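Subject: Structure for your files

Hello,

Here is the structure I said I would send. My notes on it follow below the entry.

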Amino acid sequence: MLSRVAESLFWMSRYVERAENTARFLDVNFNLLLDLNRITTVETPDCWIALILVTSDREKFDSLYGQYGAETVTDYLVFNRNNPNSIISCIGLARENARSVIESISSEMWEQINNLYHYLQTVTPQSVQNDPFSFYREIKNASHLFQGITDSTFPRNEGWDFVQIAKYLERADNAARLIDVKYHMLETSHAGHGDVVSGSVDIIQWMAVLKSCSALEAFRKVYFARIKPQSILEFLILDRTFPRSINFSVCAAKDALWRLSGGSAGRSFNSADRLIGKMEAELSYTTMDDIASKGLHSYLAGLEQGIMDVGEQTHLTYFAYHTPEIEPVEEGLRTTFSGNGGKRAEWSQAQQQQQQAYCR
Amino acid sequence: MKRFFDNYDADASRFFDELVAREGGPRPHYEKLLRRFAMFSQEDVKTRREMTNIFFRSQGITFTVYGLEEGIERIFPFDLIPRVIPAAEWALIERGLAQRIAALNLFLYDIYHTQNILRDKVIPAELILGSQHFRREFVGVTPPQGIYIHVAGSDIIRDGEGRYLVLEDNLRTPSGVSYMLQNRQAMKRAFPVLFSQYKVRPVEDYPQELLRTLQEVSPPLQREPNVVVLTPGIYNSAYFEHSFLARQMGVELTEGRDLVVNDNVVYKRTTRGLERVDVIYRRVDDAYLDPLCFRPDSKLGVAGLINAYRKGNVTLANAIGTGIADDKVIYSFVPKMIKYYLGEDPVLENVPTWLPGTPSDMKYILEHLDELVVKSANESGGYGMLIGPESTAQEQEQFRELIVANPRNYIAQPTISLSRHPSLLNDSEMYGCHIDLRPYVLTGKKTTIVPGGLTRVALKRGSLVVNSSQGGGSKDTWVVDE
């Protein structure tokens, strides 16, 4: 498989997953606010800041809007084309990546992503405001449909593995960020309102975290009605059966990476294999006490860094166009993996600008 | 119920109408179509129109319009009323094209080798040697089996008498063949019954024929040749076509950055390392192919590709330098080439053409600017044209200056009223729109022409310009066995 094709499949998959996660956060946040308004006078801007923190573009947001509220945050995360992580940007980028490998994916996959793209062109901020639930459901369903179509029409070859790696790395990364930010928010909000209603607010907020991962029902089946922060964290980070937990996602990404290289435990062929194997092993043997002693925030930061490193090594192993033995290139000119964080889409953007400039 | 064609005004005394004969009444090969359409209400047709629109949009069959800040994607307008060509007429077109491409290939071989046609003064040498598409670096380089034009798309029109004439030859990277194939898909979905009433010859094997042609012209190998399609990328206006053809042939679609040359051999970069490439169906212009040979600023090309090609390690389709033969000035010499190389009379005539470089022609052109069509020799897509009867005195003056300043760069032709074909304007009105035809000719060990082609329609009242960039559309082309 061409390296460029593998890379485009990777990003296509990643952007679809990212759009779905953003839709999920926003949807849950709307619900959460409706609930909170009934019980407490918690300042809602806090809840909206959390969403910006999850996508880690606070500076950019501040420079554009400066005010946290349903309208500005929705605009930034759904419609803003200058925000590479907005839903409209993600789907646009996913479609462009799909378009550039249209001969490698099934026509059903292409049609699904293309239809989603065209649907988004017809949506207005007004219509989302009037009926946020339908809109976010549409995005989530479209993503699920895309993944389902991929499941049933895409051959289980190399390309499939790149699609899986991307999907699960993105998912693990999102879960880690979400927990990290929510934890941070709860800590601060506790300080202000703890004395009066903290109990019920806490529970509702923690339920929101679970819902953001579509994990509430699954969680209840394991822990019944005992919604305690400890159990929730355990479930979202360490559970091996729930498909949106960090452990599950890392495991799935590891399987795909090892299938690609033919690697296995104790027998890794490249750094990506080794790093993901290490992450998986660590997660398998970690307890909540370990996490507590390390501190939740620094533990999650470590996970996020690990996920980014795996992405970068995957890039170097399979996508990097550079062929050292044939064309020695100066260090600065290499195409690099842009990784996660606020600059996530930089690489794709550079690619597009170049092509556009030379094709007129 | 208002029926289609009831109010259709063929204006058959002024134009050649494809459906209505001069003496009135439909031509026999359109009778079944008329009967079928008589059964449709406007509502039925609208439903079918929506069906095809959804089909094209969801398949992503779009082209990009340039000139704005960002390219805009549009559906290529599709007209629901198919063009029907009887087998006997098709046989003539087929013979004419095969003959023409054979002569053009011999011409290219000659020009890049002994140049007999220049020595014998059939074509003035300065026209060739002064052309921006003449690649002097490739004199003496022989592509596999001496074939230059693997894929050609010549434009054919019908004049007032209904004679088929060649309007121009597209010999570099002719596009539109994917629309021919998708139009057929759309028609089969929208009009299954009508379709089954005709014996329409299939066009669906074009991708297989293209692949076979490309494999046949590979450098000699002990194994199956490795073919790729080379595209400038997703922002190119014909990107849909590039990806479609790669998909249909089952070969890889590559961009310049996917390829690398080492030791005069071309490789593609894969997740498992480098793999050798033998044949490149390139949809990138000569000038962008190799920054070491042509434009040094090209990011679309592959450094070292040209040397690999010179060494005979890779085949490029079409060959480098074919542009010289689709220069519009050179076009006017094709009938002479057919005589010179094949000793035959041309089966398909050219449109009469005047060259400003010839003093008597120059005089005639300048005196008749208001009746002629003046075209720039190296522009395509309907740009750089003057349509005399539709132009203002000011535009004519502007072209007069351009022609006098650079006579080599222009040709002039009479304004031909292209034949007309009933088409649906705004979904309701039947109107005679001007059309042309672009069939596709493949040349490997033998020449193949799939029966049909892209019929382009000027979907504007009275317009003669069929190019998609100028608001033109297309319709399905049915070659039928009676």
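I will start with one strand of chain B. Both faces of S17(B) are covered: Arg420(B), Pro422(B) and Leu424(B) are buried on one side, and His421(B), Ser423(B) and Leu425(B) are buried on the other. The strand runs over residues 420–425, and six of its six residues are buried. Please keep in mind throughout that this is a predicted model.

The partner of S17(B) is strand S18, residues 429–438, and the two pair in the antiparallel sense over six bridges. Within that pairing, Arg420(B) has His434(B) of S18(B) as its bridge partner. Three residues lie between the strands of this hairpin, and Asn426(B) takes a positive phi near 50° there.

S18 of chain B also holds Asp436(B). Is Asp436(B) buried or exposed? Its relative accessible area is 2%, and the cut-off for buried is under 20%, so Asp436(B) counts as buried. Apart from its neighbours within four places in sequence, Asp436(B) is in contact with Arg83(B), Asp155(B), Ile156(B), Ile157(B), Leu454(B), Thr455(B), Arg456(B) and Val466(B).

Chain B as a whole

Chain B contains 15 helices and 22 strands. A compact globule of 482 residues would have a radius of gyration near 23 Å, and chain B agrees with that, at 23 Å. Taken along the principal axes, its C-alpha atoms fill a box of roughly 70 × 60 × 50 Å. Of the 482 residues, 61% count as buried. The accessible surface comes to about 18,800 Å², and carbon and sulfur atoms account for 49% of that.

Among contacts between residues at least 6 apart in sequence, 68% join residues at least 24 apart. As for charge, there are 57 positive and 61 negative side chains, and the centres of the two sets lie 3 Å apart.

Other buried places

Helix H9 of chain B, residues 239–249, is mostly covered, with nine of its eleven residues buried. Those buried residues are Tyr239(B), Phe240(B), Glu241(B), His242(B), Ser243(B), Phe244(B), Leu245(B), Ala246(B) and Met249(B). Just after H9(B) comes Gly250(B), with a positive phi of about 75°.

Gln99(B) is in helix H3, residues 87–111. Its relative accessibility is 7%, so Gln99(B) counts as buried. Leaving aside neighbours within four places in sequence, the contacts of Gln99(B) are Ile338(B), Leu342(B), Glu344(B), Asp345(B), Pro346(B) and Val347(B).

Val450(B) sits in the loop between strand S20 (447–449) and strand S21 (454–457). Beyond its neighbours within four places in sequence, Val450(B) is in contact with Trp90(B), Met180(B), Val203(B), Asp205(B), Tyr206(B) and Tyr440(B). Val450(B) and Gln115(B) are 335 residues apart in sequence, and their C-alpha atoms are 32 Å apart in space.

Backbone points to look at

Most residues other than glycine have a negative phi, and most peptide bonds are trans. The following places depart from that pattern.

- Lys121(B), which is not a glycine, has a positive phi of about 55°. Lys121(B) lies in the loop between helix H4 (116–119) and helix H5 (125–129), and it is exposed, with a relative accessible area of 70%.
- Gln145(B) has a positive phi near 60°. Gln145(B) is in the loop between H5 and strand S4 (151–158), and at 47% relative accessibility it counts as partly exposed.
- The peptide bond from Ala317(B) to Asn318(B) is cis, with omega near -5°. Asn318(B) is placed in the loop between strand S12 (315–317) and helix H11 (323–326).

Regards

Note on methods. Residues numbered from 1 in each chain as written. Chains lettered and ligands numbered in written order. Predicted model: local features only at pLDDT ≥ 70, side-chain atom pairs only at ≥ 80, totals over all residues. Heavy atoms only, no water. Helix = DSSP H or I, 4+ residues; strand = E, 2+ residues; numbered from the N terminus. Rg over C-alpha atoms; globule rule 2.2 N^0.38 Å. Buried < 20%, exposed > 50% of the residue type's maximum accessible area, 1.4 Å probe, protein only. Contact = heavy atoms within 4.5 Å. Areas by Shrake-Rupley, 256 points an atom, 1.4 Å probe, with all protein chains shown as cover. Lys, Arg positive; Asp, Glu negative; His and termini not counted. Charge placed at Lys NZ, Arg CZ, Asp CG, Glu CD. Pairing = 2+ DSSP bridges.
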